[in-house]
Every structure is written in C-alpha cells, then in structure tokens.
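Me: I have just opened this one and would like to go through it piece by piece. Can we start with a loop?

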There are 2 protein chains.
Amino acid sequence: MVNYPIKKKASTERVSTSANRGMNFELMINQTNDFYLNNDIAIIYKKPIPIQIVGVDYQRRSAAKITEAYYKLPSTTDYNGIYKGRYIDFEAKETKSKTSFPIKNIHEHQVIHLKRVKEHGAISFIIVYFSALGKIFLLETEYVVRFFERSKTGKKSITIEEFEEFAYLIKEGYTKPVDYLEIVEREFI
Amino acid sequence: MVNYPIKKKASTERVSTSANRGMNFELMINQTNDFYLNNDIAIIYKKPIPIQIVGVDYQRRSAAKITEAYYKLPSTTDYNGIYKGRYIDFEAKETKSKTSFPIKNIHEHQVIHLKRVKEHGAISFIIVYFSALGKIFLLETEYVVRFFERSKTGKKSITIEEFEEFAYLIKEGYTKPVDYLEIVEREFI
C-alpha cells in the first residue's frame, strides 16, 4: 500500500480573533462542518478539488509525486452530506462587493445540480458571504434558479437587497462560524 | 475567471464487448451512475481524488499547471448522492482473488464514515467486485463493521462464502453495468 503523505487538515485550525471577518470563508465552513461532525449533528464534507492528473513520478517508493496536473471544472457543488436523514447539498461563495453577488460565480451545471437534487428530495442551497459587510446568506435553490434564469436576459447579479428579501441571514459564531444548519432546522425540516 | 482545461469524462465512454469483465470497475460504476443520472433515477457521483497541491505554475494565463502534488488519504468514501430522497453512500473495491477480500483494502476511517452516515439515516454499503469470478457483491455497513472488527483479532479478510451468505449479488448489465440501486430498491427502501 502506498504511504500517502498526510497534511495537517486546515479545517482543524482554530481562530481566536474577535470576529470571523478576516478568516478564510472555506475554513469557516470547514470548521462548522467539523463542529457538526465532532458533535454528531451532521456528516457534511467538502469534496476535493477535481484534478486531471497527467504526469506522476513513482521514483520515490514512499510517495508518488504528481508532476503535471490541471484543474477541472467541478460537475457538482462543493459540499454535501446528511443531516437528520436528509441529503444536504450546497455551494459556498464569497464576494468582496457590498452591493451584489455576480451570478457568473456559480456555474450553470452547479445550478442544474442543485435543482436536480432538490427534485429528488434534497435540501439544497447556496451560501454567500459578503465579506465587506460581514453578512452570510443562505439562498434556497428555488431562488438560485430564478436569479440564474433572469441573468440570461437581464440583471447579471443578485443585489444585497434581494438577499435581504429572499435569503436567510446566517448567524456567525465561534464554534460554528457559519451555522447554516440552524436555518435548515428552522425552515426546511 | 480561470479557464480550466476540461477533459472528456471517462465516465461517458461506452463499452461494447460481450461482457463487462475486462472493463475497469470504476468505469463500470461511473457508467451506471451516468445511466441513473441521465434517466433521472438518482444523482450519485464519485468524489474527486483528494490531492495536496504543493506547486503551481501560473505562467500560461489560460491554464494553471500543477507541478507538484501528492495523493492524500480520503476522509470518506468514494461515492455519495441521493436516491428517492435517501442519502446514499458507498465505497467500491475490486479484488483479483477468487477466495476472499482483504479487509485492509478498506480504511478504518471509511468504515467509521459508513457507520456514521448509516446512524444518521443513510443507506450505506460497500461494493466488491471479484473480477476473476465476474461477481459483484453489495455488503451492508452492518456487516462491513462486523468483519472489520473481527479483522482486529481474527481473520483479515471476508471470504467469498461470507459474501454469498451475507451480501447481495448485483446483476450485471449493458446500460447499467453495476445496478446496485436494484438491490437498494428491493432491500432497503
């Protein structure tokens, strides 16, 4: 068996600043998922980044070294798992804008995926972090699809006012920096 | 936005030989999942291989080239998704042995993961392909855990007789080379 080199998981790092605003958003979500996992609340993981491997060096017996690889477009969303028997599926994005979230940050096949799993009984949504405002929103797939369709002929972004109206504001916290399951529990279960 | 080079997905390839035995097992599962997806039966994907990226060359503007990366141990199983509102999670393995499947092919954290998601309401299992016998079995997590525990003090493998007794034989087919949802539908829904 190959001895894979194992890196210390970034998601196990803890942050002790007085706010989460400077924290990497992916890390915030991973830390939340770690909390859910460690407290047996939900089993939700980030999928690895899809890579096309072209060259591998097997010279060192202990660890194969990938020498040439490229990023691939993901077919699905970044996160999925299970909570109280329900399949959970979402994509998380960050924007520095204070006024709107550009739709092009979500790929069409991701919107299709969110819609598909919802039709099969999933709870699916996107989470958008307005880092300059310190606000995190959960927007249900129904609205993601609606705004995506609108972007084909009209406005190419979802305004902050639209998030305030159609999305749910996620509470920030220390142990659960992005406690999206609080919304899921309250609104979708 | 980066233009990721997109490779033609291996999973869309079709095989026209008179049997599936020479076919790569991962390809067989992916082809089955493609069938489920295209026929709106289930949304189940293989997760990308987890990679730790160390070096990236950004010289070519059109495509970042990863120049140094290593395989990481997966935290979870390879496949998950949704079928009829149920969260599905499994690991798939192949063995050339005609007599038994070595337990060491499944990592302990994968067994823990299968057990966890089952406790949260998932349908979880392993699929084992005895390529020399042309037989594919679905073994529920309950038995995976049992045989895994046994391997700590006793027998380090699951015998073919044990698969015949405790697992379900999966029918092979052309459009669905590994029709595991037929078992799921009949036994677990």
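Me: Where is B:Asp40 placed?
Reply: B:Asp40 belongs to the loop between helix H1 (25-38) and E1 of chain B. Keep in mind that this is a predicted model.

Me: And what is phi of B:Asp40 near?
Reply: Near 55°, which is a positive value, and the residue is not a glycine.

Me: Is B:Asp40 buried or exposed?
Reply: B:Asp40 has 10 other C-beta atoms within 10 Å. The cut-off for exposed is 12 or fewer, so B:Asp40 is exposed.

Me: Which residue has a positive phi of about 50° although it is not a glycine?
Reply: B:Lys84 has that phi. B:Lys84 sits in the loop between E4 and strand E5 (86-95) of chain B. E4(B) and E5(B) form a hairpin with two residues between the strands.

Me: How many other C-beta atoms does B:Lys84 have within 10 Å?
Reply: There are 14, and B:Lys84 is partly exposed.

Me: What does E4(B) pair with?
Reply: E1(B) pairs with E4(B) in the antiparallel sense over four bridges, and E5(B) pairs with E4(B), also antiparallel, over five bridges. On the E5(B) side, B:Asp89 stands opposite B:Asn80.

Me: Change of topic: the two chains. How many residues does each give to the contact?
Reply: Chain A gives 36 residues and chain B gives 36 residues. On the side of chain B that touches chain A, the elements with two or more residues are strand E1 (43-46), strand E2 (51-57), strand E3 (65-71), strand E4 (79-83) and helix H2 (108-119) of chain B.

Me: Which of those gives the most?
Reply: E3(B), with seven residues. By class, the side of chain B that touches chain A has 21 nonpolar, eight polar and seven charged residues.

Me: What does E3(B) join to in chain A?
Reply: Four bridges join E3(B) to strand E3 (residues 65-71) of chain A, and the two strands run antiparallel. One of the pairs is A:Tyr70 with B:Lys65.

Me: Now chain A by itself. How many helices and strands are there?
Reply: Chain A has five helices and ten strands. Of its 189 residues, 36% count as buried.

Me: What is the strand order in the open sheet?
Reply: In chain A the order is E1-E4-E5-E7-E8-E10, six strands with mixed pairing. Strand E1 (43-46) and E10 of chain A are at the edges with a single partner strand each, so one side of each has no neighbour in the sheet.

Me: What does E10(A) pair with?
Reply: E8(A) pairs with E10(A) over two bridges in the antiparallel sense. A:Leu169 in E10(A) stands opposite A:Phe137.

Me: Which strands does H1(A) lie across?
Reply: E1, strand E5 (86-95) and E7 of chain A, and H1(A) runs at about 155° to E1(A).

Me: Which residues of H5(A) are buried?
Reply: In helix H5 (residues 180-188) of chain A, A:Tyr180, A:Leu181, A:Ile183 and A:Val184 are buried. Looking down the axis of H5(A), its buried residues fall within an arc of 150°, so they line one face of the helix.

Me: What covers them?
Reply: The cover for the buried residues of H5(A) includes helix H1 (25-38), strand E4 (79-83), strand E7 (123-130), strand E8 (135-140) and strand E10 (168-169) of chain A.

Me: Last one. At what angle do H2(A) and H3(A) pack?
Reply: Helix H2 (residues 108-119) and helix H3 (residues 141-153) of chain A pack at an angle of about 145°, with their axes 10 Å apart. The crossing is left-handed. A:Val111, A:Leu114, A:Lys115 and A:Lys118 in H2(A) meet A:Thr141, A:Val144, A:Val145 and A:Phe148 in H3(A). By class, that contact has five nonpolar, one polar and two charged residues.

Methods. Residues are numbered from 1 along each chain as its sequence is written. Chains are lettered from A and ligands numbered from 1 in the order in which they are written. This is a predicted model: local features need pLDDT of at least 70, side-chain atom pairs count only at pLDDT 80 or more; totals for chains, interfaces and linings use all residues. Two residues are in contact if their C-beta atoms, placed from the backbone, lie within 7 Å. Ala, Val, Leu, Ile, Met, Phe, Trp, Tyr, Cys and Pro count as nonpolar, Asp, Glu, Lys and Arg as charged, and the others, Gly among them, as polar. Two strands pair if DSSP finds at least two bridges between them. A residue is buried if 20 or more other C-beta atoms lie within 10 Å of its own, exposed if 12 or fewer, and partly exposed in between; C-beta atoms are placed from the backbone. The arc is that of the directions from the helix axis to the C-beta atoms. Axes are lines fitted to C-alpha atoms, for helices over the stretch in contact, and angles run from 0 to 180 degrees between N-to-C directions. A crossing is left-handed if the near helix is turned anticlockwise from the far one by less than a right angle, and right-handed if clockwise.
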